[in-house]
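This briefing covers selected local features of the structure shown below, grouped by topic.

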Amino acid sequence: MIFNRIPFRQRRQSLVVAFTAATTAAILLIILTFFSYIFINGIGFFWPSNINQINYQLQDQAIQTVYVQGKIKQNSPLNITGHSEPAQNKNIVLQPRHIIERGQPDELAEVLLYSGRKRLARVVGFEGAKDQQLTKDPKELLATYTALKYTTEQLSRRLEQVLLQELAEVQKALATLALPTTAKDAVQKLALMRQYRQLNAAVGETRRELAGYQILLDPGDRQTVSVPINDVAQLSFPNSLGWSGKVWHWMKNVGRFIADDPQRTNSRGGVFPALFGTVLMVLIMTILVTPLGVVAAIYLHEYAPVNRFTSIVRSSVNNLASVPSIVYGVFGLGLLVYHLGTSVDELFFSDRLPTPTFGAPGLFWAALTMAILTLPVVIVAAEEGLRQVPDSLRKASFALGATRAETIWHTTLPIASPGIMTGVILAIARGAGEVAPIILVGAVKFAPALPIDGDFPFVHFERQFMHLGVLVYDGAFHGSHLDQNNGFMFAVCLLLLMLVLVLNMLAVVTRTKLRRRYAL
Amino acid sequence: MANPQQHNLQRIQVSRIFRDRALALVIRASGIGVLLLLTVLVWQLFTHSLPLAQTPKAEKTLEWQLPETEPLWLGDITQSPVVAGRVVDNNGKQRECRLALYTLSTHEIQARKIKEYSDNCSNSHYQFRNFNGQSYLATMKMEQDALTFAVKKITLDERGLVETSIFAIDLNSANDTTIGDWHWQMWQNRVQIAMQTKAGWQLFQLDRDRSEGLKKHSLNSDQRPLLLPRWQQLVIFNQQEIGFFSWPNQSITYQTTHAPVMKAWTLPAQTSFLLSLQNGQTSLWSGYNQNGYINFNRVANIDAQSPVLDARFHTNNNMGVLLHAQKLSFINLATAELVVQQTFNPAIRLLLNDNRLISLSSKQAQAWKIGNPAGISTWNSLWNRVWYDGYHGPDYIWQSAVGEGQVAKFSLMPLVIGSLKAALLAILVAVPLAVSAAVYSAFFAPPKVRTWIKPGIETLESIPSVLIGFIAVLWLAPVLDNYLLGLFLFILLLPLSLLLLTLLVSRSSRKPLGSDRSGFEFLAIFIFTGIIAILIFTLAARFQPSVISLFGWLNDDAKSTLVVAIALGIAIAPSIFALAEEALYAVPKELKQASFALGATRLQTLNNIVLKMAMPGILSAVTLGFGRAVGETMIILMVTGNTPIANWNFFADLRSLSANLAIELPKAHVGDLHYHVLFLSALLLFVFTFFINAVAEFLRSRMRKRYSDI
């Protein structure tokens, strides 16, 4: 009897174990899928994939050509969607039977424009080049392009110089002389007018000259399209690149992504302002939160009287750590921005009113809000660290004649430092990833003006800033599943994810290092 | 003589003690300061919500002297208050009248004349009206035997009054040319005009852009009209009877009132009106469209205990101000409740613009500031079903952005229900996953495996929720259609396949699962689960098109519900896992060993000892997870459609309190009712999560006590 029951019991246990293990595995698989999905899409965005040339024929129509980037599955329908070519902006589903021929000729180019658009095309030639090119060799084409690009860059720099400086100066001078009062002024005005006309003519000339440099593209079966070289951000021939060339190209793309300014559409270009904004905000937050949190923790643990009230305060602080982040955002907007900010404006920036300076969401308020949000985290972690310092050590320090201040400074704090550092870094990681409060208090989706620049006072705490998380949030509203721009958003996601994970890992490493150093 | 060394030492001692004291002072001060800063948070949320519980109050700020005129109209022209008054010149027998416009500027105490029209002495040719933020001037004049009605748009700028002609029409009512009182009303292009003649009121309706289509209607001499051009309606008062005349249907229906109607005011949306009865009662009537017929109902009685002389409405702030002989009543327009009354100087007319109230008596105009306008909200307006204007019955509605003239609807119920719904969905997904994983990690897994599982799952906790939301929106939501079948099958088939696996294992091995200490077992199950998942999902995706009708009942809202449940569930699962795992792991070893020593299997020990001991801890973990889900903002904001619906149907869209704050707070004007209601919702979130945390903390302390009692 009993022998019969044992296997049954065992089987039941096996089932429970298998089930719990499988759910654990399921969670881990979800996490794995999540990471790898972001990773593959984010990394893949920079990869110069090959361009396929597909010749196809729909019923009773002429043979047409389309260029498609990326891997193409054999024997499965092919969706041609959302190409940035105006004429190709149609949705066709190509069945395998429609496709007549496919190939990856070397001379197919990927042309990125400054407007954020991408064209896949065959480079036919250049306007403005010394000799009309008929070559198909990507290397020669690229060399010609580089030479022409250099010329156009020189020209556009000159244009900018004239427009922004010389012409602007003349205009300013003209504005002051708008109503000439004396004959001398009138003469001066005439001279200025002449100068203005000359400069304007020069601008027109340069513009015409710039327009003379064009790249001729064949985006399919149609006539050649010419695109001003000045509008082209990058020309590449992914099919002609070898493995090493592709890696180099990929690295260049990554570098550009991190270091460049965003394009208007937030779907191409770089994310430097967002990365910079995130890091700067987190930095200010850390500077604010660390001393405050540590001091509060020292007070709570070392100085506060041991009574019921203190323990209520302690558990309240603990509870504050899990108050929804949006509530802190509401607090930041209501108290910091609207109340404090308005008062600051009235005191120090009254000359700029009613345009608010600090009375509107901005970098400093965002950092302060995040500091208050992470304050409970730091206090709890730091107090936990202080609690781990054995009382005997404190007593020994007192016995040696040290004052309380000396005991704290030389004994307690160093030993508690792993806990404190963990708290601070966890706060940083949370600060980098939290989006809900900062969309209320200062982060916006597009603010190319960095909070730090060459204008006095160099650091502009009141400016709105860009944030990686806000970029992701915004991208989710404007992207769609099939959109090729998603690659960009995934790259942003990956960057944010790496930032947060690196910070978390840093917390772990610091903790172990400090623990080893101050091991008891 | 003191040894210099000793002296030096003494100095060091003094400075040490000084430093000690200074540090103690600094730390005490700043420590208490930081803790106070956190109390400021609570205090601020509280004080910003408090105005909702108080009442509005008008306080006098300015006073203007009016010249000797008989005030006829008080209104805004381009944001500045203007009085129109009749000036009478008695030169000899001839009485000559003029209509003069005076601006009330905040810089001057004397009203300044800006314009004068020559006018009729008995009833003015001119009528002003503010409509949709614009001011209009209508004239009704006999010119060459034709009765012409003309409307001009009027604005004020530095040059003075600017008139722009809009339209003019020949009413040609003709034979009876002696016009008594007249008034007009308009809605977009539609204009209604009421004109008193000897025979009774003559009524006209016209489209100002089209010359033809003038419709007429006449009333008996004892009937009075109220114009409602928006719905082409007329309200006709006759003693205790109210008639509703519909112009398109040419039909009339009657209702009765308790007492004869003294006066009536149309609310800005022209879908409801306010009646002041002779017995001092005031009632609010509201209409809704039912199959082309407009049904008007009395939605509320306002017991102001005194007849109303004038009424003004600020609908977007839910505020109505009624002027009585000696007092002022503030009513909430959403619920039509009398909020508060205050004594007031005698006046005949009112003007309400935002929080500025102007009262007009025959010689004076006074400006009042309405303090605490958010106090107009009542408990009913926030928490009860309210029969809003244009709706078929009372309901919970949150609609803060409304059209001009509409009443903003601030019922918190849809948001609270939305938050709870989302949190419950998340709990439904997260708890089985997290607790089951916690049981495995804390109880079954060998230590080596645990060191991998625990940090592995806890990394998920540090992932910004915006990323989870992003993936849910851009990947999960679009592909859900393809994998819906797979998901259901996976949930069904995984336990079955595990059952098969255990049967196979018990066939081949004498030891049950859970005895392995090398980690191989977990690896095997991990791979097994992975393979099963891939198999089921790829196979199901292939069959999906043929069984798509199976999921036909799942509309888009239902799918987004599923996505919310999955995304939010995954987001809160790691925190539930971490706390539950900790609780399970901390069950004293002695107990487990005693159980094993008595011959219990691992499963029996789990059921009878570990789970029972750790139950408060697990509950605390679930509670905290619930709190996190309620407060989570980004995922809900990104994944759901953010439609506030007060409906417990889980397959309907939702908007949570937190997402609502993120959407609406940046747009709310400081000091408005909307702003304060949003703060109240933030306070609610705060109090709720604080309470949830306190409960969780209590449970945890009970768990700790249990463990230490052993």
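B:N642 is buried, with a relative accessible area of 10%; buried means under 20% relative accessible area, exposed over 50%, and partly exposed in between, using a 1.4 Å probe and protein chains only. This residue lies in the loop between helix 10 (634-639) and helix 11 (657-664) of chain B, and its phi is near 60°, a positive value in a residue other than glycine. Helices (H or I, at least four residues) and strands (E, at least two) are DSSP runs, numbered from the N terminus.

The model is predicted: local features need pLDDT of at least 70, side-chain atom pairs count only at pLDDT 80 or more, and totals for chains, interfaces and linings use all residues. Residues are numbered from 1 along each chain as its sequence is written, chains are lettered from A and ligands numbered from 1 in the order in which they are written, and side-chain values use heavy atoms, with hydrogens and water left out.

**Helix 11 of chain B**

- Helix 11 of chain B has 7 of its 8 residues buried, so it is largely enclosed by the rest of the structure.
- The buried residues of helix 11 of chain B are B:L657, B:S658, B:A659, B:N660, B:L661, B:A662 and B:E664.

- B:G287 belongs to strand 20 (residues 282-290) of chain B and is buried, with a relative accessible area of 0%.
- Along the chain B:G287 and B:Q270 are 17 residues apart, and their C-alpha atoms are separated by 9.3 Å.
- Leaving out residues up to four places away in sequence, B:G287 touches B:W231, B:T271, B:I294, B:N295, B:F296, B:D389 and B:G390; contact means heavy atoms within 4.5 Å.

- B:T257 sits in the loop between strand 17 (251-256) and strand 18 (261-266) of chain B and is buried, at 8% relative accessible area.
- A polar atom of the B:T257 side chain lies 2.8 Å from the backbone oxygen of B:A259.
- Not counting residues up to four places away in sequence, B:T257 touches B:Q240, B:I242, B:L275, B:L277 and B:W285.
- B:T39, in helix 1 (residues 4-49) of chain B, is partly exposed, with a relative accessible area of 42%.
- The B:T39 side chain reaches the backbone oxygen of B:L36 at 2.5 Å.
- B:D76 is in strand 2 (residues 70-77) of chain B and is buried, at 10% relative accessibility.
- The side chains of B:D76 and B:R356 make a polar contact (3.0 Å).
- Among the residues that B:D76 touches, not counting those up to four places away in sequence, are B:P81, B:N130 and B:L351.

**Chain A overall**

- Chain A has 13 helices and 12 strands.
- Of the 520 residues in chain A, 49% are buried.
- Of the contacts in chain A between residues at least 6 apart in sequence, 68% join residues at least 24 apart.

**Helix packing in chain A**

- Axes are lines fitted to C-alpha atoms, for helices over the stretch in contact, and angles run from 0 to 180 degrees between N-to-C directions.
- Helix 2 (residues 138-176) and helix 3 (residues 183-211) of chain A pack at an angle of about 160°, their axes 10 Å apart.
- Helix 2 and helix 3 of chain A are therefore roughly antiparallel to each other; angles under 35 degrees count as roughly parallel, over 145 as roughly antiparallel, 65 to 115 as roughly perpendicular and the rest as oblique.
- Helix 7 (residues 325-348) and helix 8 (residues 363-387) of chain A have axes that come within 9 Å and cross at roughly 135°.
- That makes helix 7 of chain A oblique to helix 8 of chain A.
- Residues in this contact include A:Y328, A:F331 and A:L336 of helix 7 of chain A and A:W365, A:L368 and A:I372 of helix 8 of chain A.

How values were computed:
A polar contact is a pair of N or O atoms within 3.5 Å; within protein, one must be able to donate a hydrogen and the other to accept it, and residues adjacent in sequence count only if both atoms are side-chain atoms.
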